[in-house]
Amino acid sequence: MITSPQQSAQPRKAPLLHVEHLRTYFPIRSGILQRVTDYVKAVDDVSFHINEGETLGLVGESGCGKTTVGRTILRLIPATGGRVLYKGRNIFELSAKQMRPLRRQMQIIFQDPIGSLNPRMRVGKIVGEPLQVHGLAQGNRLRAQVEDVLQRCGLWPAAADRYPHEFSGGQRQRIGIARALALNPKLIICDEPTSALDVSIQSQILNLLADLQNEFGLSYLFISHDMAVIHHLCDRIAVMLDGRIVEQGDRDQIINDPQHPYTRSLLSAVPDPNPRRRKPRHT
């Protein structure tokens with residue numbers, strides 16, 4: 001793996017999240033007895049860290065394992081090996097009961113703003129459910145907190161009484177962000193939160209995420225296949241290919257002086273706003 005000079009220096013403060021040699025394999029079964037004959041190595045020896053208040057962009061093409069990394073970190077998918085340290089604690093060694101308070105601090109924004117919201121539940125119930133599950137609010141207090149977080153995410157208080165199908169795609173994603181923000185987390189995994197949206201709406205969601213980060217001191221693992229989006233939002237970048245990180249470092253170093261051929265290929269695929277200017281293509 002290629003790293004920038006900045007990566008070689010130890011951070012002054014212990015990272016909020018430290019991923020060490022993470023592996024997630026899915027078994028391939030065949031025959032009448034469905035014996036395991038091989039494995040799909042979706043994530044294979046991935047390591048990185050995220051500091052408090054920082055955004056790490058995890059970028060790569062579809063199918064490279066980015067989403068699996070995010071869901072494995074949250075234990076939504078079981079890990080095959082490695083460690084994930086959150087504030088120094090290995091979350092893979094914790095029981096379900098021990099994980100419960102940590103889940104308040106680690107949330108996720110899903111890629112699909114339609115499929116991630118229950119169509120039978122009103123928005124107030126969707127956003128307020130995490131608060132109820134963790135016993136943080138009930139009744140009028142719950143309603144007030146839901147309305148507050150909706151307003152912080154660019155929606156209006158009365159939106160709590162409506163259903164997801166009554167909103168646009170960008171508004172649905174704001175609801176998803178509000179749900180993730182409701183528990184006042186420290187780390188949010190953003191799983192391609194803008195890829196299903198129009199370009200103009202993408203910029204609004206990115207600006208919202210940046211504003212929320214500044215206001216609440218959030219840390220993001222921002223997963224995307226779009227180098228332009230990653231460049232806009234992230235402090236550092238990790239480039240992923242076939243389940244492995246092939247290059248990581250400071251954002252400007254990765255963008256201006258990429259070392260790995262795959263990183264150069266991703267950058268060459270970013271559209272240029274000047275149609276007359278030609279830039280070299282890397283394959």
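Helix α6 passes helix α7 in a right-handed crossing, a crossing being right-handed if the near helix is turned clockwise from the far one by less than a right angle, and left-handed if anticlockwise. The structure is a predicted model, in which local features need pLDDT of at least 70 and side-chain atom pairs count only at pLDDT 80 or more, while totals for chains, interfaces and linings use all residues. Residues are numbered from 1 along each chain as its sequence is written, and side-chain values use heavy atoms, with hydrogens and water left out. Helices (H or I, at least four residues) and strands (E, at least two) are DSSP runs, numbered from the N terminus.

Two packed helices are described by the angle between their axes and the distance between the axes. The axes of α6 and α7 (residues 199-216) come within 10 Å and cross at roughly 20°. Helix α6 is therefore roughly parallel to α7; angles under 35 degrees count as roughly parallel, over 145 as roughly antiparallel, 65 to 115 as roughly perpendicular and the rest as oblique. The axes are lines fitted to C-alpha atoms, for helices over the stretch in contact, and angles run from 0 to 180 degrees between N-to-C directions.

An open sheet of four strands, paired in the antiparallel sense, has the order β3-β2-β5-β6. Strands β3 and β6 (89-90) stand at the edges with a single partner strand each, so one side of each is left without a neighbour in the sheet. Pairing requires that DSSP finds at least two bridges between two strands. Strand β2 (residues 17-30) pairs with β3 (residues 35-50) over twelve antiparallel bridges, and I28 stands opposite D38 in β3. These two strands form a hairpin with four residues between them, and G31 in the turn has a positive phi of about 85°. Strand β2 also pairs with β5 (residues 81-86) in the antiparallel sense, over five bridges; here the bridge partner of L17 is Y86 in β5. Antiparallel pairing of β5 with β6 covers two bridges, and Y86 stands opposite R89 in β6.

A search of the whole structure finds two aromatic pairs. Y25 and Y39 form a tilted pair, 6.4 Å centre to centre with 50° between the planes. Rings of Phe, Tyr and Trp (its six-membered ring) pair if their centres lie within 6.5 Å; planes under 30 degrees apart count as stacked, over 60 as edge-to-face and the rest as tilted. Y25 lies in strand β2 and Y39 in strand β3, 14 residues apart. With 44% relative accessibility, Y39 counts as partly exposed; buried means under 20% relative accessible area, exposed over 50% and partly exposed in between (1.4 Å probe, protein chains only).

W156 and F167 form the other pair, also tilted, at 5.9 Å centre to centre and 35° between the planes. Both residues lie in the loop between α5 (139-152) and α6 (169-181), so the pair ties together parts that are eleven residues apart in sequence. W156 is partly exposed at 32% relative accessibility, whereas F167 is buried at 4%. The charged end of R162 sits over the ring of F167, 4.9 Å from its centre; this assignment requires NZ of Lys or CZ of Arg within 6 Å of the ring centre and within 35 degrees of the ring normal.
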